[in-house]
Amino acid sequence: MAMSGYSELLREFPTWWLPTLKTAVVAKALGQSTESVLARIGLARNLSPSGTYLPLVESLLLSGVPRDPSRVEGAAPSLPDPLADRMALLRAGRLAAEGRRDESEAEYRSILARNPGVLVARWKLARILVESGRTGEAAAFLHEGAGRSAFSARWRSEALSQEHSNRDDTGTK
């Protein structure tokens, strides 16, 4: 029914990119081929979409590490954009899942440079730092997160755990 509704809407308004993109989402949900989903995304892209919504949906529908359409080498961090932050979180998570920790760490740091209030980026960056053996640095990020979070006790507890781990690793008391 959803595909039928979007198709009917597109017969009347064939230049609307958002319903075109939604047909790609429905095609994916219906189990249609990747080629069919890609074709619908391509149609939406050719209709001059604006903002970061299309790249975000494209990244959610397709596997692999998504590209960052807004990143230009050497450019200053942009203003906070919730969709761009979500896309960057997706990209960082997929990089981490592929074992590309340095790239994932850089992505999380980029998010925090743009918008220090993205707590999930701070938490996941701390996890990567712990996995890399940098528990002292992780503890500092967790303490900063405690000051921003409504659930500061969890952040402080994890920070203290990392500080104790760091002391144990360095042999200091």
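Colleague: Which residue with a positive phi follows α5?

Modeller: Most residues other than glycine have a negative phi. Here α5 is followed by Gly-99, whose phi is positive, near 80°. The helices named are DSSP runs (H or I, at least four residues; strands are E, at least two), numbered from the N terminus. The model is predicted, so local features need pLDDT of at least 70 and side-chain atom pairs pLDDT 80 or more, while totals for chains, interfaces and linings use all residues. Residues are numbered from 1 along each chain as its sequence is written, and side-chain values use heavy atoms, without hydrogens and water.

Colleague: What is the phi of Ser-48, and where is Ser-48 found?

Modeller: Ser-48, a residue other than glycine, has a positive phi near 60°. Ser-48 belongs to the loop between α3 and α4. Ser-48 is exposed, with a relative accessible area of 61%. Buried means under 20% relative accessible area, exposed over 50%, and partly exposed in between (1.4 Å probe, protein chains only).

Colleague: Which residues of α3 are buried?

Modeller: In helix α3 (residues 34–45), Val-37, Ile-41, Gly-42 and Ala-44 are buried. Because they cover an arc of only 160° around the axis, they lie on the same side of α3; the arc is taken from the directions from the helix axis to the C-beta atoms. On the other side of α3, Glu-35 and Leu-43 are exposed. The cover over the buried residues of α3 includes α2 and α4, where contact means heavy atoms within 4.5 Å.

Colleague: How is the packing of α2 and α4 described?

Modeller: Two packed helices are described by the angle between their axes and the distance between the axes. Helix α2 (residues 17–29) and helix α4 (residues 53–61) pack at about 10°, with axes 11 Å apart. Axes are lines fitted to C-alpha atoms, for helices over the stretch in contact, with angles from 0 to 180 degrees between N-to-C directions. The two helices are therefore roughly parallel (under 35 degrees; over 145 is roughly antiparallel, 65 to 115 roughly perpendicular and the rest oblique).

Colleague: Which residues make that contact?

Modeller: Trp-17, Leu-18, Leu-21, Ala-24, Val-25 and Lys-28 of α2 meet Tyr-53, Leu-54, Val-57 and Leu-61 of α4.

Colleague: What covers the buried residues of α5?

Modeller: The cover includes α4 and α6 (101–114). Among the buried residues of α5 are Asp-85, Met-87, Arg-91 and Leu-95.
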